[in-house]
Amino acid sequence: LFLLIPTTLFAASAEVRDISGRKYVSAVVEEMGKAEEEIFVCLYSIRYYGDEGKVKELLDGLVEAHKRGVKVTVILDEGKRQVMYTPYLASERAFAYLLHFGIDVFYDDLAITTHSKVMVIDGETVIAGSTNWSTSSLTKSREVSFVIKSKELAEEVLDGLKQIPKT
């Protein structure tokens with residue numbers, strides 16, 4: 001049996017930097033600080049409970065970029081709003097916090113889970129990996145994440161993110 005499967009080969013040069021573990025927050029805040037035009041974020045959830053800490057540092061990085069005139073868009077998974085997950089409804093406080101500062105924040109369509117942990121900055125930087133925006137993930141878990149400088153990859157990822165239905 002012989003199968004022909006059409007594929008798109010993606011080859012592009014990229015500068016890749018490991019920001020795993022405890023390097024994540026400072027690296028992401030630094031990259032957000034460099035943003036000039038757009039930050040597009042897609043996360044499974046942001047577990048923010050109104051306290052100070054690593055999650056707030058990341059949220060404040062988005063807020064500061066927005067205040068500088070950077071277009072900031074955040075998409076979160078709609079399923080995490082369901083009561084069965086947590087009394088805090090997981091992302092609700094982060095959603096409200098970002099909305100308060102005028103940031104475009106949305107939930108995806110409930111029909112499919114968006115399990116992404118990705119950010120695209122200025123169409124040339126992709127931050128991706130396993131790191132959730134939660135105190136546990138940022139301080140107690142072994143996570144792997146990368147900053148990838150590649151216009152080609154950023155464009156491809158951003159195109160996919162912009163196809164996610166928003167509510």
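What we have here is a predicted model, in which local features need pLDDT of at least 70 and side-chain atom pairs count only at pLDDT 80 or more, while totals for chains, interfaces and linings use all residues. Residues are numbered from 1 along each chain as its sequence is written, and side-chain values use heavy atoms, with hydrogens and water left out.

Strand 1 and strand 7 (residues 145-149) run antiparallel and are joined by four bridges, with Arg17 standing opposite Val147 in strand 7. Strand 2 and strand 3, in turn, run parallel and are joined by six bridges, and the bridge partner of Val41 in strand 3 is Val74. Six of the six residues of strand 2 are buried, so this strand is largely enclosed by the rest of the structure; buried means under 20% relative accessible area, exposed over 50%, and partly exposed in between, with a 1.4 Å probe and protein chains only. From strand 2, Glu38, Phe40 and Cys42 point one way, and Ile39, Val41 and Leu43 point the other way.

The axes of helix 1 (residues 24-34) and helix 2 come within 9 Å and cross at roughly 5 degrees. That makes helix 1 roughly parallel to helix 2, given that angles under 35 degrees count as roughly parallel, over 145 as roughly antiparallel, 65 to 115 as roughly perpendicular and the rest as oblique. The contact, meaning heavy atoms within 4.5 Å, is made by Tyr24, Val25, Val28, Val29 and Met32 of helix 1 and by Lys54, Glu57, Leu58, Gly61, Leu62 and Ala65 of helix 2.

Now back to Glu31, which counts as buried at 2% relative accessibility. The side chain of Glu31 makes a polar contact with the side chain of Lys149 (2.8 Å); a polar contact is a pair of N or O atoms within 3.5 Å, where, within protein, one must be able to donate a hydrogen and the other to accept it, and residues adjacent in sequence count only if both atoms are side-chain atoms. Leaving aside its neighbours within four places in sequence, Glu31 is in contact with Arg17, Ile121, Thr125, Ile127, Val147 and Lys149.

Finally, two loop residues. Asp122 lies in the loop between strand 5 and strand 6 and counts as partly exposed at 22% relative accessibility. Most residues other than glycine have a negative phi, whereas phi of Asp122 is near 50 degrees, a positive value. Ala90, in the loop between strand 3 and helix 3 (92-100), is buried, with a relative accessible area of 1%.

Conventions. Pairing = 2+ DSSP bridges. Axes fitted to C-alpha atoms, helices over the stretch in contact; angles between N-to-C directions.
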